Amino acid sequence: DILDSASLMHAHFDLNLHTLPLAPLVQEVIDGCESLRKEGVTVYNRVPESQTVVADRVRLGQVLEHLVSNALKFTEAGCVVVTARDLDSNVKVSVTDSGPGIASERVEEVWLPFRQLDM
């Protein structure tokens, strides 16, 4: 992953794009993150079975795993929900949770490279 990040920084990254069904990939990621789920937290895959995306399956899986695992790490009770919907010619995937969130004055820091925000 670190080498992948370095490749991204230098704009050299090969993607293997295919049309994929999204819901099964999301479920695979959710199942893979099960060990992070605390008792009292429920994870919902609300991605429509008919939803497809054109993506690199491995890379999209990495992004989804990062989002779902972060949501699970910081959610003590409640739920994590993964949804998707068509948005113009794209697909919007959302991972929402009932965790504490990020303080509004620190939200922009999320986009800085190699940064983890303390909660």
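Predicted model: local features only at pLDDT ≥ 70, side-chain atom pairs only at ≥ 80, totals over all residues.
Accessible areas here come from the Shrake-Rupley method with a 1.4 Å probe, and for residues only the protein chains shown count as cover.

Residues are numbered from 1 along each chain as its sequence is written, and side-chain values use heavy atoms, with hydrogens and water left out.

## The overall layout

You'll find 3 helices and 5 strands in the chain, following the pattern α-β-α-β-β-α-β-β along the sequence. Helices (H or I, at least four residues) and strands (E, at least two) are DSSP runs, numbered from the N terminus.

Of the 119 residues, 24% are buried; that label means under 20% relative accessible area, while exposed means over 50% and partly exposed is in between (1.4 Å probe, protein chains only).

## The sheet

Now for the sheet: 3 strands form an open one in the order β2-β4-β5, with mixed pairing. Its edge strands are β2 (41-45) and β5, each pairing on one side only. From one strand to the next, the twist averages 15°. Two strands count as paired if DSSP finds at least two bridges between them.

β2 and β4 (residues 78-87) pair in the parallel sense over 5 bridges. Here valine 41 sits opposite glycine 78, and threonine 42 faces cysteine 79. β4 and β5 run antiparallel, joined by 8 bridges, with aspartate 86 opposite valine 91. Their hairpin has 2 residues between the strands, and aspartate 88 takes a positive phi near 55° there.

## Helices across the strands

Helix α2 (residues 22-32) lies across β2, β4 and β5, running at about 160° to β2. Helix α3 (residues 57-73) also lies across β2, β4 and β5, at about 20° to β5. Axes are lines fitted to C-alpha atoms, for helices over the stretch in contact (heavy atoms within 4.5 Å). Angles run from 0 to 180 degrees between N-to-C directions.

## A nonpolar patch

Ile102, Val107, Val110 and Trp111 make a nonpolar surface patch of about 400 Å². Patches take residues with over 30% relative accessible area and no salt bridge, joining like charges within 9 Å and nonpolar side chains (Val, Leu, Ile, Met, Phe, Trp, Tyr) within 5 Å. A salt bridge is a side-chain nitrogen of Lys or Arg within 4 Å of a carboxyl oxygen of Asp or Glu.

Valine 107 lies in the segment after β5 (90-97). With a relative accessible area of 37%, valine 107 is partly exposed.
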